[in-house]
Each structure stands twice: as structure tokens, then as C-alpha cells.
Amino acid sequence: MSDNPTEFDTKAEIPVNRWPLVFAVFAVIALLFYLLQPILLPFVLGALTGYLGDPLVDRVEERGGSRTFGVILVFLFFTSLSLLALFFAVPVLLQQLDGLVGRIPLVYAWLRDVAIPWLQSRTLVTGASLPQIDWSAQLLENWQSLGKVTASTISRVTGSGLGLLLGLANIALVPVVAFYLMRDWDDIAERVLRLMPKAWQAGTLQMVSEADEVVGAFLRGQFIVMCALGALYAGGLYVVGLELALLLGLIAGLASIVPYLGFMVGITASLVAAWLQFHEPLPLFYVAIVFGIGQLIESMVLTPVLVGDRIGLHPVMVIFALMAGGQLAGFVGVVVALPVAAVIKVFASHALVHYRNSAIYSGLDDGDDGSGDGL
């Protein structure tokens with residue numbers, strides 16, 4: 001944010017004496033969200049889908065198509081992507097997960113017999129060692145435990161007709177909510193704005209526009225960046241010959257929601273996997289090339305074009321928001337964490353505007369002419 005005072009004067013603001021009411025409204029919304037959290041998942045996912053698809057529907061509408069026709073096209077697009085992932089990516093991913101579980105004993109043995117002794121020979125840390133573990137028994141026990149938990153869960157769900165119906169209803173509600181929100185998104189936003197006092201509408205519209213720019217840049221732009229990087233890393237690692245290419249690419253792509261985290265997590269895991277599979281230095285070099293190319297493409301093409309400088313959310317803020325959302329409201333909290341953080345950032349920036357225009361910041365009392373030293 002610029003420190004130029006003229007920038008502050010030109011902004012449309014909600015009057016200071018009405019801000020307590022604004023915060024009270026948001027406090028009530030937060031309380032209702034917390035109390036209703038168990039039933040909100042289909043509505044949150046539907047709203048997220050509607051928000052992501054709204055710009056596509058707007059483009060169809062701008063080219064002469066009806067809004068309903070645009071919603072149908074967007075739904076066909078999302079459905080096609082979901083079916084492709086379900087029939088092609090998921091079976092391969094499950095196969096690679098099974099291979100990863102089978103490699104756990106090898107990773108543990110490498111840490112115990114190679115990595116730790118190497119570190120001990122070059123540092124002052126001595127005496128640390130990993131215990132011997134019977135991995136066959138451990139994996140068998142954990143798989144049996146997982147099977148018992150799964151069977152118990154299925155038994156509880158299917159044993160209750162009402163519970164099964166509620167679960168199916170929640171799944172079915174997601175596309176229904178998404179369809180109606182996507183079709184009526186602009187009308188709903190306009191009606192909500194008209195319900196507010198006229199003196200608030202200019203300031204509210206500006207803050208909502210700023211929040212939409214931040215949220216849209218992150219959810220739409222970063223989502224595309226994540227998918228592109230995941231595909232790029234998975235394809236590059238597949239060319240290198242890594243057996244876990246799809247799984248590692250997926251992990252790196254998901255971690256890319258935080259800038260540079262996907263690169264660090266992906267290259268570390270891929271280097272370890274490449275060493276355990278090949279035991280040669282050349283594949284490690286190829287892995288480094290894959291992630292180096294991916295990072296260059298992200299920094300020079302993907303992020304500037306798809307996201308730009310509109311995010312405004314510091315990586316630490318992103319991490320904290322995701323963790324706080326998960327702690328407070330589980331998966332629903334994780335889904336809404338970034339939009340809420342973006343709204344909080346916008347409100348905080350406007351509160352900072354008021355603070356910098358106040359007598360507290362300037363050091364002048366209301367009746368001071370500015371000639372004193374302020375001490």
C-alpha cells in the first residue's frame with residue numbers, strides 16, 4: 001500500500017462511527033458459521049464451485065449466450081475433468097500409493113544405515129540411532145487396523161438408513177447449490193448490496209471488489225498454477241523414470257498453494273525417491289532439471305500471467321490461515337480459510353487508512369493547529 005495521503009482521500013470508506021456495527025455483523029456471521037459448521041460442507045463446496053465458474057459463465061453471457069446455457073457448459077467442463085481424473089489418474093495414483101507403502105522399509109533402512117551415520121561423521125552429534133523395526137508386522141498390523149476402522153465406519157453408515165440418506169443428500173447438494181449460485185451469482189450480489197444503507201454502499205462495493213480481486217487471484221489463478229505445476233512435475237518425473245512420478249507431482253502441485261513450498265517439498269521428496277530407486281547420481285541431476293524448469297516456468301510465465309501481483313497474501317499468512325481454519329472448523333475451515341483471510345486483509349487495510357488519517361497517528365489533537373512539537 002502506498003503512503004501517499006492523496007490515495008487515502010480518494011477511497012470510498014464506511015464512516016468510522018459505523019464500523020462497530022460492521023464488525024458486529026461479521027461477528028454474528030462467524031458465530032453462525034461455527035454453530036452450523038456440521039451442515040455447511042455441501043454449501044461451502046457449492047459456493048466455491050460457483051465462484052470459480054462465475055467468470056466462465058460471464059464470458060459465455062458476454063458472447064450472446066444465456067446464463068443458464070453458460071452454467072451448463074461449465075458443468076460439462078467440470079464433470080469431464082472429474083471423470084478423466086476418476087478413470088485415469090485415480091487408479092494410477094492408488095497403485096503408486098501402494099508402491100510407496102512398500103518402500104517405507106527401504107526409506108527407514110536408508111535413514112538408519114546411511115543418512116544418520118553420514119551426519120554423525122560430519123557433526124558433533126553422536127549416539128543417535130533409529131531402532132530396529134519389523135516392518136512386515138508393523139505394516140500388516142496397520143493395514144488390519146485400517147481395515148477394521150473402514151469396516152466399522154461402513155457398518156455405522158449403512159446400518160443407519162437416515163445417516164446414509166443424509167450422506168447421499170450432502171453429496172447431491174453440492175452440484176445443486178453450485179448450479180443455482182453460478183446462475184444467480186450477480187443478482188444475489190446486487191440484492192445484498194441494495195439491502196445495505198445507501199451511505200455504506202460505495203465503501204462496501206469497493207471493499208468487496210478488493211476482496212474479490214485477492215480471492216479470485218488466489219483461488220482461480222493459484223488453482224490453475226497448482227494444476228499446471230502438478231502436471232509439469234509429474235510428466236517430467238515420468239520422463240526421468242521415477243515410479244512414483246504421478247504421486248510426487250500431485251504432492252508438489254498441492255503444496256504449491258504456498259509460493260515456493262511446492263518446489264521445496266517436491267524436489268526433496270523426488271530426490272530421495274530417485275536415490276532409493278536408482279542409487280546413481282545422474283537421475284538426481286535430471287530431477288533437479290525438472291524442478292528447475294518448473295520453477296522458471298512458474299516464476300516467469302504462470303504466476304505473472306495467471307496471478308500477477310494481486311494476491312497480497314504473504315506466504316506465512318497463507319500457512320497460518322490454512323492451519324487456523326483446519327483447527328477451528330476442520331475441512332470446511334480449510335476451504336474457507338483463504339477467502340476469509342483475504343477479506344480480513346482488505347478490512348485491515350481500510351482500518352489502516354482510518355488510522356493514518358486520525359489524530360492519533362499524526363500526533364495532533366482535534367484543536368491543534370500543527371504549530372506545536374506534539375510532545
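Residues are numbered from 1 along each chain as its sequence is written, and side-chain values use heavy atoms, with hydrogens and water left out. Since this is a predicted model, local features need pLDDT of at least 70 and side-chain atom pairs count only at pLDDT 80 or more, while totals for chains, interfaces and linings use all residues.

Aromatic rings come up first. A pair of aromatic rings is described by the distance of the centres and the angle of the planes. Rings of Phe, Tyr and Trp (its six-membered ring) count as a pair if their centres lie within 6.5 Å; planes under 30 degrees apart are stacked, over 60 edge-to-face, and the rest tilted. The structure has 7 such pairs. Take Phe-179 and Tyr-180, which sit edge-to-face with 5.4 Å from centre to centre and 85° between the planes. Phe-285 and Tyr-286 make a tilted pair, because their planes are at 50°, with the ring centres 6.2 Å apart. Ring pairs also tie Phe-75, Phe-179 and Tyr-180 into a cluster.

How open are these rings? On the scale used here, buried is under 20% relative accessible area, exposed is over 50%, and partly exposed is in between (1.4 Å probe, protein chains only). Phe-179, at 24%, is partly exposed, and Tyr-180 is partly exposed at 44%. Phe-285 comes out partly exposed at 49%, as does Tyr-286 at 38%.

Next comes the surface. A nonpolar patch of about 1,100 Å² includes Leu-56, Phe-77, Leu-81 and Leu-94 among its residues. Areas come from the Shrake-Rupley method with a 1.4 Å probe, and for residues only the protein chains shown count as cover.

Helix H4 (residues 67–122) gives the most to this patch, with 11 residues. Helices are DSSP runs (H or I, at least four residues), numbered from the N terminus. Leu-81 lies in H4 and is partly exposed at 45%. Leu-94 is 8.8 Å from Leu-247, C-alpha to C-alpha, although 153 residues separate them in sequence.

Finally, helix H11 (residues 315–356) has 42 residues, yet its end C-alpha atoms are only 26 Å apart, short of the 62 Å that a straight helix would reach at 1.5 Å a residue. That expected span is 1.5 Å times one less than the number of residues. H11 bends by about 145° at Ala-329, the bend being the angle between axes fitted to the seven residues ending there and the seven starting there.

Technical notes:
Patch = residues over 30% accessible without salt bridge, like charges linked within 9 Å, V, L, I, M, F, W, Y side chains within 5 Å. Salt bridge = Lys/Arg side-chain N within 4 Å of Asp/Glu carboxyl O. Helix = DSSP H or I, 4+ residues; strand = E, 2+ residues; numbered from the N terminus.
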